[in-house]
Amino acid sequence: MKIDHSLPLEYSTDENRLKILGFWIFLGAEVMLFATLFASYFILSGGTGDGPSGAEIFEITPVLIETLVLLTSSFTIGLMVHAMRLGRQKAMMGFFIATIVLGAIFLGVEIYEFVHYVHVGAGLQTSAFSAILLTTLGTHGAHVTFGLFWGTCILIQVKKYGLTPRTTNKSFIFSLYWHFLDVVWIFIFSFVYLKGMM
Amino acid sequence: MMKELFPMKQVMGFIFSLVLTAVALMVYFFDMSFAVGMTILLVTAFIQAGLQLVLFMHAGESEDKNAIYITIYYGVLIAIFTILGSLLTMVWTYQIQ
């Protein structure tokens, strides 16, 4: 394995560099997944049938908490990559843990939100609107849930093996995934919630 | 050293993203027309997304820079075509009678 020391560890081998490029291409496909969900949401959001509309069920407080928590977690994962490049393993792990904790808080609030929606009569089968709303939010939430497990596994590997070309590469790719989820949330926040409550 | 763990660029990026969120929230707290509200949301959302990509995701730092940017542009372009095309054929067309 040829290691180029002029680059950050996560880019230091050809394999590592290509894994990062490959992950970007995967994110391109993820963009399409969410684009189809958004397209469906915009088409179906008027089809409320006998169920409630978005304006009737959206609450600003949990949405704001989710947004701030996710923005902050995106900031801490960015600091994780920075600390990793400085070779500060303890600080890097601290930021990593902070990100996972914030992700768990986000998920907790989202679960509360889902319970609230079902409680006020907007379940998965109520109307076209409620179905696509819960599917869109749920797909994002499932990504966050997967991220929590994936991140935890990488964190354990960093603790076990230290900052190696392998573990830093995994951590960097995880940071790309996490930032991407934040980008998706920004569009959900803007065009599902704020547009719905406008 | 605590300071080296919090680079200015990232702290400023975080503050800027909070400001953009606050600007987007104006559509909730103030009365405005649909067109003005949507314009605010589109502008703030796309700046936010760009901020994440360039500042936090380091999109332009490796030698694969071009391939990465082409992937993003392509993905976003197809996403916009899909969303606007769906709206055009299934929502807007029905309003023009």
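Predicted model: local features only at pLDDT ≥ 70, side-chain atom pairs only at ≥ 80, totals over all residues.
At what angle do α1(A) and α6(A) pack, and how far apart are their axes?

**Figure 1. Packing of α1(A) with α6(A).** The two helices α1(A) and α6(A) pack at an angle of about 20°, and their axes are 11 Å apart. Because angles under 35 degrees count as roughly parallel, α1(A) is roughly parallel to α6(A). The crossing in which α1(A) passes α6(A) is right-handed.

**Figure 2. Residues in the contact of α1(A) with α6(A).** From α1(A), the contributing residues include A:Phe23, A:Leu27, A:Glu30, A:Phe34 and A:Phe38. Among those supplied by α6(A) are A:Phe172, A:Ile173, A:Leu176, A:Phe180, A:Val184 and A:Phe187. Also part of this contact are A:Asn16 and A:Lys19 of α1(A), together with A:Asn169 of α6(A). By residue class, the contact comprises 15 nonpolar, two polar and two charged residues.

**Figure 3. The contact between chain A and chain B.** Chain A contributes 39 residues to this contact, and chain B likewise contributes 39 residues. On the side of chain A that touches chain B, two or more residues come from each of α1 (14-44), α3 (60-85) and α6 (165-197) of chain A. The element giving the most to that side is α1(A), with 14 residues. The side of chain A that touches chain B consists of 27 nonpolar, eight polar and four charged residues.

**Figure 4. Domains of chain B.** Chain B is divided into domain 1, covering 1-57, and domain 2, covering 62-97. A separation of 22 Å lies between the C-alpha centres of domain 1 of chain B and domain 2 of chain B.

Notes
Residues numbered from 1 in each chain as written. Chains lettered and ligands numbered in written order. Contact = placed C-beta atoms within 7 Å. Helix = DSSP H or I, 4+ residues; strand = E, 2+ residues; numbered from the N terminus. Nonpolar A, V, L, I, M, F, W, Y, C, P; charged D, E, K, R; others polar. Axes fitted to C-alpha atoms, helices over the stretch in contact; angles between N-to-C directions. Parallel < 35°, antiparallel > 145°, perpendicular 65-115°, else oblique. Left-handed = near helix turned anticlockwise from the far one by under 90°. Domains from an automatic or database assignment.
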